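The following report describes a structure of two protein chains for a reader who is new to the subject. Please keep the sequence and the model in view while reading.

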Amino acid sequence: MTSGFSPDGVDLVVVGASWGGVDAAMQVLRELPAPLPVPVLLVLHRSRTSERALLERVIERDCGHPARELGDKDDLTAGTIHLAPPDYHVLVEGGSVSLTVEDPVNHSRPSVDLAFETAAEDHAERLVAVLLSGLGRDGAHGIEVVHRHGGRTLVQDPAEAERPDMPQAAIDTGCVDEVATLRGIGLRLRELLEGGGR
Amino acid sequence: MPAHAEAEREAIEISLLLEGVHQQYGFDFRQYARASLRRRLWRRVYAEGLRTISGLQERVLHDRSAMERLLLDLSINVTSMFRDPAFFASFRQHVVPALRTYPFLRIWNAGCSTGEETYSLAILLREVGLLDRTRIYATDINESVLASAAEGIYPLAKMQEYTENYLAAGGSRSFSDYYRAAYERAQIDRSLTENIVFAAHNLVSDRSFNEFHVIVCRNVMIYFDRTLQGRVHRLFLDSLVPFGILALGHKETLAHSPIADAFDVVDEQERIYRRHGS
């Protein structure tokens, strides 16, 4: 089960980015309060051969939060940054995750769309979805679903993004609550997690 | 209709459909992990030109061919030869030495889908000189994927990827020795199938059918909920000889299972477990 609520009623943050978005994600995660009052799920496109443990260590060192690669049916626990493993989709249900090896969606596995959609269905208005730099349009449909379920959507300013495609595709859906720089997103998340955000 | 009310109605529709499928056809998807199952049901709804899960229920209960199409949606997993090469390398290194001590080997490849993993195991066993005294029981819930598994015909375009996987898995020959190319397709060496039995078996509802030295079931149970996973773990425990090997997918674990205590870890990273001796 998900443990923990922020004072603003947020109980899950899902961050999506492409492989090139790893630095962007770190800049955002660095701003978050420690210990994290809610679980954070990080869905990054990365190759199946990428050094798995390395990313966990880098995030722990640079962001100051414990990071762990998800296994099937693992719980999303507060205090931890949960990493989607390469080459699996992550589906959120009942506060834990199921992994699948179904076909890539939008050429992506893990798919940010699938993670956003299932998290939205599971967490509704208690979800914050964050979409950062990336090629293609993964995440845009997921942003729509999050919005429809009453969740909050934050997207990196395409002008700042190394790869503006994914943020721009999301903005074009008309379902984005806030467009901000990485620093702005980080501060906004901190507000939402510490209270006084809504 | 607000989103949560829609979701509640949909949950009812899914339960009714699964109950009906179970009662009429005997396939039990009631304890499958819902988020993925739900997506695949909707895919079938649209493919059938329908609008609701209830509509799909009517269609599959009245039309067996629609049930077969649904079954394909619900049971096909993406698979490839020597997927996760490090697993096969570890199997060679950590499991094969113990297997040499048996005069005859029974291996169960549960959820074999279209057979890529089964042939990968057969190739590995041939290269270490064990295939001749092995019988591989390759099972799946779905008869039509079993038929293609038995044929062993795959897109030729896949062979480059499989060759790379094979080499990374520690293959000692040339991968092209194991298939014959014709037009756009590659047929796996028929002699590999001599020691393979393809058979229908339903992990959810069928019992153990033999005692095995090795069970390989990778990325099959990720589609099940935790309770069902626990039950299938028990089925595997009951189907293994003392010191028998259980191999799971990379992101699966026995750690939360009620039968975790009955196994030792052989390779944590590759999720290879060994049943205790007693």
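In chain B, residues 24 or more positions apart account for 75% of the contacts with a separation of 6 or more. Two residues are in contact if their C-beta atoms, placed from the backbone, lie within 7 Å. The model is predicted, so that local features need pLDDT of at least 70 and side-chain atom pairs count only at pLDDT 80 or more, while totals for chains, interfaces and linings use all residues. Residues are numbered from 1 along each chain as its sequence is written, and chains are lettered from A and ligands numbered from 1 in the order in which they are written.

## The two chains

Chain B contains nine helices and ten strands; helices (H or I, at least four residues) and strands (E, at least two) are DSSP runs, numbered from the N terminus. Chain A has six helices and nine strands. The table sets out values for each chain.

| Chain | Residues | Buried | C-alpha extent along principal axes |
|---|---|---|---|
| Chain A | 198 residues | 56% | roughly 40 × 35 × 30 Å |
| Chain B | 278 residues | 42% | about 60 × 50 × 30 Å |

A residue is buried if 20 or more other C-beta atoms lie within 10 Å of its own, exposed if 12 or fewer, and partly exposed in between, with C-beta atoms placed from the backbone. The radius of gyration is taken over C-alpha atoms, and the globule rule is 2.2 Å times the number of residues to the power 0.38. For the 278 residues of chain B, a compact globule would have a radius of gyration near 19 Å, and the 20 Å of chain B agrees. Among contacts in chain A between residues at least 6 apart in sequence, 70% join residues at least 24 apart.

## Where the chains meet

The contact between the chains takes 17 residues from chain A and 16 residues from chain B. On the side of chain B that touches chain A, helix 1 (3–25) and helix 2 (34–47) of chain B each supply at least two residues. Helix 2 of chain B gives the most to that side, with three residues. By class, the residues of this side of chain B are seven nonpolar, five polar and four charged. Here Ala, Val, Leu, Ile, Met, Phe, Trp, Tyr, Cys and Pro count as nonpolar, Asp, Glu, Lys and Arg as charged, and the others, Gly among them, as polar.

## Helices that pack together

Helix 2 of chain B also meets helix 3 (residues 53–62) of chain B: their axes come within 9 Å and cross at roughly 70°. Axes are lines fitted to C-alpha atoms, for helices over the stretch in contact, and angles run from 0 to 180 degrees between N-to-C directions. The two helices are therefore roughly perpendicular to each other; angles under 35 degrees count as roughly parallel, over 145 as roughly antiparallel, 65 to 115 as roughly perpendicular and the rest as oblique. B:Leu41, B:Arg44 and B:Val45 in helix 2 of chain B meet B:Ile53, B:Gly55 and B:Leu56 in helix 3 of chain B.

In chain A, the axes of helix 1 (residues 22–29) and helix 6 (residues 182–194) come within 8 Å and cross at roughly 40°, which makes helix 1 of chain A oblique to helix 6 of chain A. The residues of this contact are five nonpolar, two polar and no charged.

Helix 4 (residues 140–148) of chain A is largely enclosed by the rest of the structure, because eight of its nine residues are buried. These buried residues pack against helix 3 (112–123), strand 7 (127–131), strand 8 (152–156) and helix 5 (165–171) of chain A.

The loop between helix 1 and strand 2 (40–44) of chain A holds A:Pro37, which is buried, with 21 other C-beta atoms within 10 Å. Not counting residues up to four places away in sequence, A:Pro37 touches A:Gly4, A:Ser6, A:Ala78 and A:Leu193. A:Pro35 is placed in the loop between helix 1 and strand 2 of chain A, and a cis peptide bond with omega of about -5° joins A:Ala34 and A:Pro35.

Most residues other than glycine have a negative phi, and most peptide bonds are trans. A:His107 is not a glycine, yet has a positive phi of about 65°. A:His107 is exposed, with 12 other C-beta atoms within 10 Å. B:Tyr183, in the loop between strand 4 (179–182) and strand 5 (185–188) of chain B, has a positive phi near 55°. B:Tyr183 counts as exposed, with 6 C-beta neighbours inside 10 Å.
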